[in-house]
Every structure is written in structure tokens, then in C-alpha cells.
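Q: Please take me through this structure term by term, and show me how each description is reached.

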Amino acid sequence: MEQDGAESSSIAYKVFTFEESTKNNQESVSVTIPEVLDPQYGMYVWPCAVVLAQYLWTKREELQDKTVLELGAGVSLPGVLAAKCGAKVILSDNAQTPLCLENCRRSCEVNSLQDVEVLGLTWGEVSPDLVLLPKLDVILGSDVFYEPQDFEDVLVTVAFLLRRNPSAQFWTTYQERSADWSIEALLHRWKLNCVDVHLETFDADKPELAGSTLPGNHSVLMMIITLKTGDV
Ligand SMILES: C[S@@+](CC[C@H](N)C(=O)[O-])C[C@H]1O[C@@H](n2cnc3c(N)ncnc32)[C@H](O)[C@@H]1O
């Protein structure tokens with residue numbers, strides 16, 4: 001396998017290395033993500049994914065043995081990192097786009113992850129696969145708030161899952177693309193609570209993370225969404 005930006009047919013491999021050095025210890029985990037170069041079906045790592053993965057890296061001890069579902073996973077950097085850190089991971093993307101589901105599977109294969117399940121879950125749809133999910137601890141969504149017309153569908157799915165798993169949390173990063181876009185009214189409608197997590201609190205306020213310059217100057221924000229207390 002070629003790595004680090006090398007191309008093999010229409011696939012390029014990007015390596016992200018998450019590291020922490022303390023006085024007595026050096027820990028690191030690398031994730032290799034295959035990106036499809038065909039512009040028609042292209043699916044890339046988005047800046048939000050690197051920031052969310054950095055958050056997971058700082059929470060890696062908490063994630064061990066937790067069940068984690070990633071929504072709109074695409075090439076799945078956060079979910080794959082969670083699996084490498086010891087979580088039981090389920091990756092999902094739109095059931096209508098099998099090529100995206102193929103991307104999820106390819107990322108697992110490249111990282112030798114055999115136990116990660118890949119499901120077609122379309123936001124806003126209550127499908128048998130959604131209903132049959134096991135108990136969840138954490139739900140991930142990187143750059144899933146990018147089309148205002150889909151915001152409510154994302155939150156409908158998240159609200160459905162949080163009602164079934166009242167102590168679970170939705171960890172999500174989004175890119176500020178327009179000051180006019182807001183999910184505030186929708187959070188209120190679906191009785192969800194939202195807390196902003198400032199990037200400097202998990203060392204993500206940098207243009208380069210995990211050896212990648214993808215975050216650059218993009219305005220990426222992180223929030224944790226939970227059920228409003230008393231609405232279980
Ligand atoms: C901007 S990309 C982000 C991909 C990946 N999470 C990342 O940050 O690198 C949005 C993702 O949402 C998925 N998606 C779009 N509409 C969807 C829907 N209605 N239901 C489920 N997934 C959807 C896309 O297939 C794509 O993988």
C-alpha cells in the first residue's frame with residue numbers, strides 16, 4: 001500500500017498521527033485514510049473531521065469499550081480513530097449513496113479494523129437499521145451541518161437516538177459557512193441542549209493538527225448536544 005499522499009489508481013492515502021508526549025511517556029496513534037480522487041464520487045477528509053478526531057484523541061481513555069456511532073461518516077477519520085482507541089464503533093452514511101458506504105468500509109480495511117459495522121442511515125428516516133442499533137454512548141458527526149435544508153433531518157435522527165440512549169452525547173464539529181445559519185430554533189423544537197466546546201480546551205486551535213494542514217484557517221467549531229434535562 002502506498003501512503004502519505006501517494007496515489008494508487010484513483011485512491012490517495014493520507015496519514016493522520018495523533019500524539020501526546022509527557023515526561024515519562026510518548027503515545028501516538030496513526031490513522032490512514034484512503035480518499036477517492038474521482039471528482040464525481042470524491043469523498044475527502046473535511047477540516048471538521050480532523051478537529052473532531054483531535055477531541056476524540058484527548059478523550060481516548062473514556063472511549064475504551066464505549067459504543068460509538070458516527071453519522072455521515074464519509075471516509076470516517078473520527079470513527080476509525082475511536083475504534084483504534086478501543087471503542088466499539090459503528091460507521092454510517094446515507095443509505096442512498098452506496099459509494100459513501102464503500103468509503104467507510106475501505107477506511108476500516110486500510111486500518112485493519114475487522115469489527116467495525118457499516119450501516120446505511122439516512123438522516124431523518126426511521127429505518128430498521130436505526131431502530132435495531134445497540135445501546136450507544138457517543139454519537140459523532142463531523143461536518144454534518146453543511147446544508148441548511150438537512151439540519152432538521154440530522155437533529156431528528158440525533159433526537160431519536162438520544163431519547164433511546166438518554167445518557168449518550170452527540171459530539172459534533174461544524175464549519176461556519178454563513179453567519180445566517182443557525183440550529184438554535186431546531187434544538188429548541190427537538191428539546192436538545194447544546195454546549196460549545198472551545199478548540200483551545202483540546203489543543204485544536206491550530207492550523208495544523210495530527211500532521212495535517214487541513215484545519216488551516218477554516219472556522220471550525222465544536223459542540224456537544226444532549227437531551228434537555230427532564231425531557232427523557
Ligand atoms: C461534508 S461531508 C463530511 C464527511 C465526513 N464526516 C468528514 O467530516 O470528513 C457530509 C457527509 O454526510 C453524508 N450525508 C449527506 N446527506 C446525508 C443524509 N441525508 N443522510 C446521511 N448522511 C448524509 C455525506 O454522504 C457525507 O459523507
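Q: Which residue in S10 stands opposite Thr 173, and what makes S8 and S10 a pair?
A: Thr 173 stands opposite Met 222 in S10, and Gln 175 stands opposite Val 220 in S10. Two strands pair if DSSP finds at least two bridges between them; 6 bridges join S8 to S10 (residues 220–227), so the two count as paired, and they run antiparallel.

Q: How do you know how far the coordinates can be trusted?
A: This is a predicted model, in which local features need pLDDT of at least 70 and side-chain atom pairs count only at pLDDT 80 or more, while totals for chains, interfaces and linings use all residues. Residues are numbered from 1 along each chain as its sequence is written. The pLDDT is the predictor's confidence in each residue, from 0 to 100; the protein averages 92, and 93% of the residues score at least 70. Over residues 1–8, however, the pLDDT is below 50, although this stretch has 14 contacts in the model beyond near neighbours in sequence. Where pLDDT is low, the predicted coordinates should not be read in detail.

Q: Which strand does S7 join, and in which direction do they run, parallel or antiparallel?
A: Strand S7 (residues 138–142) is joined to S8 by 5 bridges, and the two run parallel; Ser 142 stands opposite Thr 173 in S8.

Q: What makes the unit of S7, helix H6 and S8 right-handed?
A: A crossover is right-handed if, with the strands pointing away from the viewer, the path from the first strand over the helix to the second runs clockwise. The β-α-β unit made by S7, H6 (residues 151–164) and S8 has this hand. Strands S5 (residues 88–93) and S6, which run parallel, are joined by 4 bridges, one of which pairs Ile 90 with Glu 117 in S6. The chain crosses from S5 through helix H4 (residues 98–110) to S6, and this crossover is right-handed too.

Q: What is the order of the strands in the open sheet, and what makes a strand an edge strand?
A: The 7 strands stand in the order S6-S5-S4-S7-S8-S10-S9, with mixed pairing. An edge strand pairs on one side only, as S6 (117–120) and S9 (192–197) do.

Q: Why is strand S8 called mostly covered?
A: A residue is buried if 20 or more other C-beta atoms, placed from the backbone, lie within 10 Å of its own, exposed if 12 or fewer do, and partly exposed in between. In S8 (residues 169–175), 5 of its 7 residues are buried. Helix H3 (residues 77–84) is also mostly covered, with 8 of its 8 residues buried, among them Leu 77, Leu 81 and Lys 84.

Q: Which residues have the most contacts inside the largest nonpolar core?
A: They are Val 50, Leu 52, Ala 53, Leu 77 and Leu 81, in a core of 68 residues. A nonpolar core is a set of buried Ala, Val, Leu, Ile, Met, Phe, Trp, Tyr and Cys residues joined through C-beta atoms within 7 Å. Helix H1 (residues 47–58) supplies the largest share, 9 residues. Contact likewise asks for C-beta atoms, placed from the backbone, within 7 Å; leaving aside neighbours within four places in sequence, Leu 77 is in contact with residues including Phe 16, Val 50 and Ala 53.

Q: What makes Asp 65 and Ala 210 stand out in phi, and which is buried or exposed?
A: Most residues other than glycine have a negative phi, and most peptide bonds are trans. Asp 65, however, has a positive phi of about 65°, and that of Ala 210 is near 55°. Asp 65 is in the loop between H2 (60–63) and S4 (67–71) and has 9 other C-beta atoms within 10 Å, so it is exposed. Ala 210 is in the loop between S9 and S10 and has 24 such atoms, so it is buried.

Q: How do you know whether Gln 64 is buried or exposed?
A: With 11 other C-beta atoms within 10 Å, Gln 64 is exposed. Gln 64, found in the loop between H2 and S4, still touches Cys 85, Gly 86 and Ala 87, not counting residues up to four places away in sequence.

Note on methods: Two residues are in contact if their C-beta atoms, placed from the backbone, lie within 7 Å.
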